[in-house]
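The sequence and the model come first.

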Amino acid sequence: MKKALPFLAAAAVVCIWSGWLTISRYGVQSSLEPADITLLRYWTALIVVLPVALRFNWRRFSCLQYLVIALGIGFPYTLLSFWGMESVRAAHTGVVVNGSLPVLGALASWFLFRQKISMGRITAIAILFAANLVMSGGSDWRMEQAGGIVLLLIAACVYTVHMTSIRLWSLSWQEVIVIVPVVNVLLFTPLWPFLPSALLRSSWQDIAVQALYQGVVVNVVALMCATYSIRHLGTVTVALFMALVPVTTALLAWLLLGEALNNWELAGIGGCSFGLLLYALADRKIV
């Protein structure tokens, strides 16, 4: 069971991230502005972890390390994602961000850790990336989305830095769930008044949904699971799990909402399944 825990944690992140795409897309289409959702996310998370933060050993890392760890999954990542979602659908967001993570994770591991990746696993990564593109093949991509896609790709790069730093500096999940909200609250709160905001005019229902899901489910529960799985499985393996987010999003819509899967989505699901199977059967281990 102990060996299965990192994989279960990674699977939990995939499920939570699938919901995050929908909740975030809903949030940016409500009266709330991206800056408002970001503020709610980190202040709610800070309130939850405050008892631990007050006893935290802040001398363990340098100021630069705190910035890299916190901002990689912090307000630069969330704002880029939210701004991208204003013009890109939730399903496309999963394809752009999560579909590119295995490629970015493999590149980061090769450059920073000089990890040699077998051809079998390189092929698996390529198949997963292609399968994510196929998932959206039947959808309507427009030129107006180009700016949003660029923002989402930058967000994926920022998140890759966060994942890599966890492994590079051997952080525990207890450390990450404290560092991320504390640093982001300190840095983003002074910026929030200068950004577009509708927080005071928004309904309490919209505020509550975003605060609870973004602040507690994503920024505490998912962050715990992601950090734990990265520490035990490695950046590339967790990035491959994250590439399943578009698949789980489509499957959840089919199971819970009765939305039929088109041929492109079925082909993408098959491609992702084959890519993961090929990766699992490859003989060289990536840690």
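## Surface and burial

Accessible areas here come from the Shrake-Rupley method with a 1.4 Å probe. On that basis the chain exposes about 13,200 Å², and carbon and sulfur atoms supply 71% of this area. The model is a predicted one.

The chain has 287 residues, of which 53% count as buried.

## Secondary structure and contacts

Twelve helices and zero strands make up the secondary structure of the chain. Its pattern along the sequence is accordingly written α-α-α-α-α-α-α-α-α-α-α-α.

Among contacts in the chain with a separation of 6 or more, 91% are between residues 24 or more positions apart.

## The nonpolar core

In soluble globular proteins, nonpolar side chains tend to be buried together. In this model the largest nonpolar core holds 78 residues. The members that touch the most other members are Trp17, Trp20, Tyr77, Tyr159 and Ile179. Helix H9, which spans residues 204-233, gives the most to this core, with ten residues.

Where does tryptophan 20 make contact, leaving aside its neighbours within four places in sequence? Its partners are Arg41, Tyr77, Ser81, Phe82, Met85, Tyr213, Gln214 and Val218. One of these, Tyr77, is also listed with Trp20 among the core members that touch the most others.

## Packing of H8 against H9

Two packed helices are described by the angle between their axes and the distance between the axes. For helix H8 (residues 173-188) and H9, the angle is about 135° and the axes are 8 Å apart. Angles over 145 degrees count as roughly antiparallel and those from 65 to 115 as roughly perpendicular, so H8 and H9 are oblique to each other.

Their crossing is right-handed. On the H8 side the contact is made by Trp173, Val176, Ile177, Val180 and Pro181. H9 contributes Asn219, Val220, Leu223, Met224, Thr227 and Tyr228.

Is helix H10 (residues 235-242) mostly covered or mostly exposed? H10 is mostly covered, with eight of its eight residues buried. These residues are Thr235, Val236, Thr237, Val238, Ala239, Leu240, Phe241 and Met242.

Valine 245 lies in helix H11, which runs over residues 245-257. Valine 245 counts as buried because its relative accessibility is 0%, and the cut-off for buried is under 20%. Alanine 11 is 234 residues away from valine 245 along the chain, yet the C-alpha atoms of the two are separated by 9.7 Å.

Note on methods:
Residues are numbered from 1 along each chain as its sequence is written. This is a predicted model: local features need pLDDT of at least 70, side-chain atom pairs count only at pLDDT 80 or more; totals for chains, interfaces and linings use all residues. Side-chain values use heavy atoms; hydrogens and water are left out. A nonpolar core is a set of buried Ala, Val, Leu, Ile, Met, Phe, Trp, Tyr and Cys residues joined through side-chain atoms within 4.5 Å. Buried means under 20% relative accessible area, exposed over 50%, partly exposed in between (1.4 Å probe, protein chains only). Helices (H or I, at least four residues) and strands (E, at least two) are DSSP runs, numbered from the N terminus. Contact means heavy atoms within 4.5 Å. Axes are lines fitted to C-alpha atoms, for helices over the stretch in contact, and angles run from 0 to 180 degrees between N-to-C directions. Angles under 35 degrees count as roughly parallel, over 145 as roughly antiparallel, 65 to 115 as roughly perpendicular and the rest as oblique. A crossing is left-handed if the near helix is turned anticlockwise from the far one by less than a right angle, and right-handed if clockwise.
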